[in-house]
Amino acid sequence: MTTAAHRAVPSDPADLAVPAARDGGCPFDPPPAYDQALHTAPVTRAGLWDGSSLWLVTGHAQVRAVLADERFSADARHPGFPFLSPGRRELVTRTTPTFLRLDGAEHARQRRMLTGDFIVKRIEAMRPEIQRIVDDTLDRMTADGSPADLVSAFALPVPSLVICHLLGVPYEDHAFFQSRSTSLLDLAAPAEAVGVAQRELTDYLRELTGRKRSHPDESVLGRLAARPDTTLEEAAAMGLLLLVAGHETTANMTALGTLALLRNPEQAARLRAEPGIAKGAVEELLRWLSIVHLGVPRVAVEDVDLDGTPVRAGEGVLCMVSTANRDPEVFPGGDRLDIGRDARRHFAFGFGVHQCLGQPLARAELQIALQTLFRRLPELRLAVPYESIRYRTDMVVYGVHELPVAW
Amino acid sequence: MKVTVDQDRCCGSGQCVLTAPEVFDQSDDDGLVRLLLPSPTPEQHASVRLAAALCPGNAITVHDV
């Protein structure tokens, strides 16, 4: 690890912007300025869009230290919490807080209403159902003929169908919730538009959970709504979080992961040839692509010494999982995609008690979706020049807007 | 090696079950960690150490005896 004495800390936070431009870099890599910070100053000052500044944390050990330390709060109501856009700030003032943005006992109380629904063996038991959804979706895509947009024909429908099945949300409403999710996660969207999308989605989930409260079913939302220890507002807010996180993240990992494999054909060939490698391949793609590309925000609620850097109470911190996941201290040659490597120490799902609740589900979906896609379509290739692909640089979840493929 | 778990620190991420399924389980009811083997065999030591390192809530403690 670099010691504080050797660091070249930029004197002006505006030199390092959040979010940083990706210009000139490979679209699979963190922005060049962040990569430079990882190698020179893994805890450094950076400037936010609103003129404020925060601590940008880029090293693996330092990111782990922040996310495991309860003196760094996830609660956006604390003064100094860093927001990545006006829309992100709007959401906090309007939304009933969920465990994503709560600490301590409040966080544990809400999260534990759901931990039983996402345990490994329950998700493992869903594999046949996920495989059926993947197969049916691929059947429809191939029946419509080559070429196709992999995002709208495969990557988005698969996790949307799975999360609808699990939560008890009617899939017929997918166009509605997918379009609102897009607005919620768009950094460029005006705060007002984000607020409207959030209200529409909350109203929808409040109505749905309200119906389930009077007519309980065995779905996750059905059982959540039936609990006496939660309010309808809380259940709807948690439902919104699960619905949005449950399809956006996996959809973008599926599409971007497919593109990464198409650009590294020797890795795709290995995935086809060795079905047993799918689990490790998914961990490596999660590490290498780090679709939570804007970082995980926290705010210090006490003065903390972070690896030799004094962080004061009320100062914002942004943990860049994308650079931490390339840190050569933990992942030698980490800038290279190698689906045979042991990538399990990655932070693609975050770290600490807020680590992604749905990770067993995301893993199962990605393993089945990618392995089935490359097995069934051995001739899969890009249908457009690689240079024409548009990336989701302005979205909270990174990925591609469309992925035209042929087979 | 002796292993202890602290359910108060567990956030139900499932990392331990994925890494060392012979040693750790999750409760069907609340998803929290259950310790199956407090004294793992030498062959299990590496995966138990990895499970402890991966545990996001720092709920697993490995004691060398």
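The structure is a predicted model, in which local features need pLDDT of at least 70 and side-chain atom pairs count only at pLDDT 80 or more, while totals for chains, interfaces and linings use all residues. Residues are numbered from 1 along each chain as its sequence is written, chains are lettered from A in the order in which they are written, and side-chain values use heavy atoms, with hydrogens and water left out.

**Chain A as a whole**

Chain A has 16 helices and eleven strands, where helices (H or I, at least four residues) and strands (E, at least two) are DSSP runs numbered from the N terminus. Its radius of gyration, taken over C-alpha atoms, is 21 Å, close to the 22 Å that the globule rule gives for 407 residues, so chain A is as compact as a globular protein of that length; the rule itself is 2.2 Å times the number of residues to the power 0.38. Along its principal axes, the C-alpha trace of chain A spans about 60 × 55 × 40 Å. Of the 407 residues of this chain, 55% count as buried, a term that means under 20% relative accessible area, with exposed meaning over 50% and partly exposed lying in between (1.4 Å probe, protein chains only). Among contacts (heavy atoms within 4.5 Å) in chain A with a separation of 6 or more, 72% come from residues 24 or more positions apart.

**Two helices that cross**

Two packed helices are described by the angle between their axes and the distance between the axes. In chain A, the axes of helix α12 (residues 232-263) and helix α16 (residues 359-376) come within 10 Å and cross at roughly 35°; axes here are lines fitted to C-alpha atoms, for helices over the stretch in contact, and angles run from 0 to 180 degrees between N-to-C directions. Residues of α12(A), including G246(A), T250(A) and M253(A), meet residues of α16(A), among them A362(A), E365(A) and L366(A). The residues of this contact divide into nine nonpolar, five polar and one charged, where Ala, Val, Leu, Ile, Met, Phe, Trp, Tyr, Cys and Pro count as nonpolar, Asp, Glu, Lys and Arg as charged, and the others, Gly among them, as polar.

A362(A), in helix α16 of chain A, is buried, with a relative accessible area of 11%. Leaving aside neighbours within four places in sequence, A362(A) is in contact with T250(A) and F349(A). The C-alpha atoms of A362(A) and F349(A), which stand 13 residues apart along the chain, are separated by 9.7 Å.

**A buried histidine**

H107(A) lies in helix α4 (residues 104-111) of chain A and counts as buried at 4% relative accessibility. Not counting residues up to four places away in sequence, H107(A) touches F99(A), L102(A), V353(A) and H354(A).

**Backbone geometry in loops**

Most residues other than glycine have a negative phi, and most peptide bonds are trans. The table lists two cis peptide bonds in chain A.

| Cis peptide bond | Omega |
|---|---|
| V18(A) and P19(A) | about -5° |
| S146(A) and P147(A) | about 0° |

P19(A) is placed in the loop between β1 (17-18) and α1 (32-40) of chain A, and P147(A) in the loop between α6 (127-143) and β5 (148-149) of chain A. S290(A), a residue other than glycine, has a positive phi near 40°; S290(A) is found in the loop between α14 (278-289) and β6 (296-300) of chain A, and counts as buried at 2% relative accessibility.
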